[in-house]
Amino acid sequence: MNDLEAPPVPNLSDLRLSTRQAHLVREITVHNRDWRRGGLTVGSSAFVAAIATVALVLAGPGTANAFAAWTPAPTTPAPGQVSSAEAACERAAAQPPPGAPPRVGAGASQVSLVDTRGPFTLVLFGANTPTQGVLMCVRGPSISPSSHMSQSNGSLPAPGPGRLTLDRLQGETADNGQPYTIAEGSIGSGVTAATLTLTDGSKVVATTGNGLFLAWWPGSAVVTSATLTTSTGATTQSIISPTRDTGSSGN
Amino acid sequence: MPSFSEAADPELLTMAGGQPEAFGELFKRHSRSVYAYCARRTGNLDLAEDLTSVVFLEAFRRRRKVKLSNASALPWLLGVANNVVRNAARSARRYRSALDRIPASANGASSEEDALERFRAQEALGRALEAISTLTRAEQDVVLLVLWSDLTYADAATALGIPVGTVRSRLASARAKFNGSAPATKTTTTPLIEEAQ
């Protein structure tokens, strides 16, 4: 080496950097909010489905706070976590509770999106399949199994590039009475990440993929805006939440 | 609607509390420089990638305590990087859970060609670190920031929290030792790597 010349360092690829950038944003989103409120984001459903079926399978021993392990940003799944959730979801779909409306056959549908947050897993089946509707399953500790059905308001127009459409808010209640809310919808082309801002000021990072997004969080807050990341930067879009649907669920 | 790509670094830092994506834009702008600094400081490319993530997590934690005196956040970020690398083991412990959540796709070589390039680069980094091992840690700091990261004397002073004159004198001393005109005492740099691992 001559005259303290700088040794070369190979450039990191754009993919590696963007992956770490997304990780950074998720981490600081998590640490920048009140952990007691917690939040979990999940996959999403289809705006093309005439009838949308939402089945939630929340399994595990009961605790005082069903959502203690919930996180407002996705995490890497543990080995077997996703396959276990998929199996539980399919079992729930195959055995609807008495009086509940019929559901789509999860086993006959493709997995559209999977989101994991700590021990919770949400699997979305059959999104963007016009004739089958969708099936979403959440599996996690401290909540006994339950399932819920709801009917969509029909097809909504696809969002434009860099935009998001919130198709449905589904209100549910855990065994111990704690409410939680699922949001599902679609994202336009170019959107690489979406963070939802709720009426209580908290933020939930959504899982996105296949033109869809899905999120859920403890409580009954609804969505007021979404920050959408594209290749040109981040923009904030105001959201008018649809009516929180709580009336058509069944266990 | 605001576009983070058009905002200056101090604005992004101000916005970061309510809009984490603003801090993501800072990462986008400066992560390569921070990574290069960490790589040259440690001689370990894999470790440098994780330390880069740690630097930005630590910078976010400290953001309210800093008032940028420069349009660029890079001098401040390299100052954070200097402390993170110096205390690599402690930093890694603090952010271990966060590092565990980094997707696997962000780690390791992506191809045989990439692996070979990284191997050669690490050899070169090792030789460079050996070459400056005769300098004191303080002298290495200014070499890393001024000569290897292209900061101005003033920016290096900002990064290290020392007067500009001290940067000049340390660099002069480093050059004198390196050129053999001053007595040198060898300072090992490898503990930085071993400590973090």
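Helices (H or I, at least four residues) and strands (E, at least two) are DSSP runs, numbered from the N terminus. The views show a predicted model, in which local features need pLDDT of at least 70, side-chain atom pairs count only at pLDDT 80 or more, and totals for chains, interfaces and linings use all residues. Residues are numbered from 1 along each chain as its sequence is written, and chains are lettered from A in the order in which they are written.

**View 1. The loop that holds Asn210(A).** Asn210(A) lies between strand S8 (207–209) and strand S9 (212–218) of chain A, and its phi is near 55°, a positive value in a residue other than glycine. With 17 other C-beta atoms within 10 Å, Asn210(A) is partly exposed (buried means 20 or more such atoms, exposed 12 or fewer, and partly exposed in between, with C-beta atoms placed from the backbone).

**View 2. The loop that holds Asp150(B).** Asp150(B) is found between H8 and helix H9 (153–160) of chain B, where its phi, near 65°, is likewise positive. Asp150(B) is partly exposed, having 13 other C-beta atoms within 10 Å.

**View 3. The side of chain B that touches chain A.** The contact, in which paired residues have C-beta atoms, placed from the backbone, within 7 Å, takes 44 residues from chain B and 31 residues from chain A. Among the helices of chain B that each supply at least two residues to this side are H3 (45–62) and H10 (164–178), while the largest share, 13 residues, comes from H2(B).

**View 4. The surroundings of Ala81(B).** Leaving aside neighbours within four places in sequence, Ala81(B) is in contact with Val34(B), Tyr37(B), Cys38(B) and Val55(B).

Technical notes: Contact = placed C-beta atoms within 7 Å.
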